Amino acid sequence: MLILAGPVGEREHDGGSHPERPARIRAALDGVSDLRLGSDLVTVAARPAQRDDLLRVHDGEYLDELESFSRRGGGALDADTYVTDTSWDAAVRAAGAGLVAIEALESSGEGAAFVVVRPPGHHAQRDRGMGFCLLNNVAVAAAALVAKGARVLIVDWDVHHGNGTQEIFWDEPDVLYVSTHQWPLYPGTGRPEEIGGLDAIGTTLNVPVPPGATGDVLLQAMDEVAAPAVEAFGPDWVLVSCGFDAHRADPLAELALTSGDFAALARRTAAFARSPGRLVLFLEGGYDLQALRQSTAATLGALVGDLPPPEPPTFGGPGSEAVRSAARDRRRAIEELSDRLLAVDSLDAPVTERPRWGLGGAR
Amino acid sequence: MRAPARIAVGYDGSPGSEAALRWAAALAGALEAAIKVVHAVGLLEHAGLASLSVHEDRARAIAAGAGVEPSRVEWCVLEGDPGSVLCRMAEGPDPPELIVVGTRRSLVHPGLLGSTSLGLVACAPVPVVVVPPADRAS
């Protein structure tokens, strides 16, 4: 069974010629329709997230300013990110859709959920919207689960690093954040050495890959780097920042995946869930409408019916050594930080960590 | 403490970044320091979808006008958010000894520092100078 939460953003939050546009939602919905799921598809309407839900991951001052900015008509947040008079309402409903999806899965106890919303969320930091994102949808859902005592895995296969999600959960030991992303590329964070804060060493996991990387490289990252960390972590829920801009047709980046690769990634990620009915995918990026439609169908088809994807998976691109290097760099960073902690524990002295960019340093 | 020999300045063609570049270039000229003009490439610019008024020639002209020898000016383009790019540079090999940025309107702190400036001040391992726009400075 597939639970579809939303849609949000099919008409509102429209930046004109901007690539993050309402037509993306129609393309994703068309991808769902292509599966012809019949009674196996259950649609649940989004509801606005409550302020307390948002305050788990965003500063109240930022929420107030963003709402006020949108109510006044909006404008440009930065060179990439726009706000319109309908953006606040859309963003709050997008953030609430994940909560609705979780409730639906808790009731059904089976299947997976797809949260079809925009604006996307994974770049949004505690006190700042950026990279097309205003509120961090996947983080709102993960924080709600953590508040109920759950351990949450977030897999982010969007082509861009989810700096906002990483920042929000930097010191949260009950959230394991795993990201594969093109490097170098916006936002410039997501190095393997970024492993989480002193209270959560190892719960941030980054595998940057070079332009041209194919699906087999991302699967290698999942199998060789992510899987051992996930097994040790033991998640109760698996949330996916499900961007489709790593597709080879996407105009915003240069990875070389096909829809068939997203199907394979979905199967791998679903296997991380320890129980049925504990997998939620959140639409993030993906700016070629045909690729978005095909990738949506392939991803969800792999989860609810094992339908064959419209494109075959890809092999042979660069990045295999980058994955191995990321594993080494991550392991070294964890050992070094752990050694420092052990050394100062014996002295009963505090270890301080200089803030890193995008990890709360701006607050 | 000695005077900085390597200065990095964030530049995106905005009035705020031009003010920062002018200030940094004046300092570099006076100290005979090298200046690295850093432009961070965002999502839209990476895809060729943004026509930002960013010109290397203009940046070099501003530096030259402040008395910096052309050989001491380096134009540097990096992928990322301006804050992450400048922090990464400061943590990398051959880091700058001073970072200079301008200010943009901050949604959360209107009238105060922009979020890039605030984040840099918090995380950069070297001194950071935040230059106000010309109208506020006057």
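Here are some questions and answers about this predicted model of chains A and B.

Residues are numbered from 1 along each chain as its sequence is written, and chains are lettered from A in the order in which they are written. Because the model is predicted, local features need pLDDT of at least 70 and side-chain atom pairs count only at pLDDT 80 or more, while totals for chains, interfaces and linings use all residues; side-chain values use heavy atoms, leaving out hydrogens and water.

Q: How many residues does each chain bring to the contact between chain A and chain B?
A: Contact here means heavy atoms within 4.5 Å. The residues taking part are 35 from chain A and 30 from chain B.

Q: Which residue of chain A meets D81(B) in a salt bridge?
A: A salt bridge is a side-chain nitrogen of Lys or Arg within 4 Å of a carboxyl oxygen of Asp or Glu. Between chain A and chain B there are two of them. For D81(B), at 2.9 Å from N to O, the partner is R128(A).

Q: How far apart in sequence are the parts tied together by E12(A) and R93(A)?
A: The side chains of these two residues form a salt bridge, at 3.1 Å from N to O. E12(A) sits in the loop between strand 1 (2-8) and helix 1 (23-33) of chain A, and R93(A) belongs to helix 4, so the pair ties together parts that lie apart in sequence by 81 residues. Helices (H or I, at least four residues) and strands (E, at least two) are DSSP runs, numbered from the N terminus.

Q: Is helix 4 of chain A largely enclosed or largely open?
A: This helix covers residues 87-108 and reaches 32 Å from its first C-alpha to its last, close to the 32 Å expected; that expected span is 1.5 Å times one less than the number of residues. Buried means under 20% relative accessible area, exposed over 50%, and partly exposed in between (1.4 Å probe, protein chains only). Since 16 of its 22 residues are buried, helix 4 of chain A is largely enclosed.

Q: Which residue has its backbone nitrogen 3.1 Å from a polar atom of the side chain of S70(A)?
A: S70(A) lies in helix 3 (residues 60-71) of chain A and is buried, with a relative accessible area of 1%. Among the residues it touches, not counting those up to four places away in sequence, are V83(A), D85(A) and S87(A). The backbone nitrogen in question belongs to W88(A).

Q: Which residue is joined to W183(A) by a cis peptide bond?
A: The omega of this bond is about 0 degrees. Another cis bond, with omega about 5 degrees, joins Y186(A) and P187(A), but the residue joined to W183(A) is P184(A).

Q: What is the phi of E32(B)?
A: E32(B) lies in the loop between helix 1 (15-31) and strand 2 (34-41) of chain B. At 58% relative accessibility, this residue counts as exposed. Although E32(B) is not a glycine, its phi is positive, at about 55 degrees.

How values were computed
Polar contact = N/O pair within 3.5 Å; in protein donor to acceptor, adjacent residues only side chain to side chain.
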